[in-house]
Amino acid sequence: MPKLTIHIDQVKCVGAGSCVLAAPEVFDQREEDGIVILLMENPPEHLTASVKKAARLCPALAIILEEK
Ligand code: SF4
């Protein structure tokens with residue numbers, strides 16, 4: 001199985017929070033402005049589907065996934 005690595009772009013992030021709803025184990029938001037916080041860069045396999053969903057839902061395209 002390819003290993004998934006997550007990159008986030010906090011500059012692009014608009015704090016919409018869709019990623020947190022889709023994968024709360026992986027994404028959180030800063031208390032003060034809602035900007036995304038990455039809780040784990042290499043999520044375990046059982047979270048792959050929800051991480052991909054989060055990336056798909058992000059309106060700012062601030063979640064970049066790398067598979068290798
Ligand atoms: S869904 Fe995208 S814009 Fe919204 S908080 Fe997550 S990374 Fe930021």
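I took contact to mean heavy atoms within 4.5 Å. I am working from a predicted model.

**Entry 1: helix α2.** I looked up which residues of α2 are buried. They are T48, S50, V51, A54 and A55. The partners are β1, α1, β2 (27-29) and β4 (63-67).

**Entry 2: nonpolar core.** The largest nonpolar core has 19 residues. I noted the members that touch the most others: I6, C19, V26, F27, V51, A54 and I63. At least two residues of this core come from each of β1 (4-8), α1 (18-22) and α2 (48-57).

**Entry 3: V26.** I left aside neighbours within four places in sequence. V26 then contacts I6, I37, L38, L39, M40, P43, L47 and V51.

**Entry 4: L4.** I went to strand β1 and picked out L4. Its relative accessible area is 4%. The cut-off for buried is under 20%, so L4 counts as buried. I listed what L4 touches, not counting residues up to four places away in sequence: E41, N42, P43, T48, V51, L65, E66 and E67. I also checked the L4 and E67 pair. They are 63 residues apart along the chain, yet their C-alpha atoms are separated by 4.7 Å.

**Entry 5: ligand.** Where does the ligand sit? I found the ligand in the largest cavity. I counted 13 residues around the ligand, with C13, A16, G17, C19 and C58 the closest. I sorted this shell by residue type. It holds 10 nonpolar and 3 polar residues, and no charged ones.

Notes: Residues are numbered from 1 along each chain as its sequence is written. This is a predicted model: local features need pLDDT of at least 70, side-chain atom pairs count only at pLDDT 80 or more; totals for chains, interfaces and linings use all residues. Side-chain values use heavy atoms; hydrogens and water are left out. A residue is near a molecule or strand if one of its heavy atoms lies within 4 Å of it. On a 1 Å grid over the protein atoms alone, a cavity is a set of points where a 1.4 Å probe fits but cannot get out, and a pocket is an open set with protein on both sides within 12 Å along at least five of seven lines; lining residues have an atom within 4 Å of a point. A molecule sits in a cavity or pocket if more than half of its atoms lie within 2 Å of its grid points. Ala, Val, Leu, Ile, Met, Phe, Trp, Tyr, Cys and Pro count as nonpolar, Asp, Glu, Lys and Arg as charged, and the others, Gly among them, as polar. A nonpolar core is a set of buried Ala, Val, Leu, Ile, Met, Phe, Trp, Tyr and Cys residues joined through side-chain atoms within 4.5 Å. Buried means under 20% relative accessible area, exposed over 50%, partly exposed in between (1.4 Å probe, protein chains only). Helices (H or I, at least four residues) and strands (E, at least two) are DSSP runs, numbered from the N terminus.
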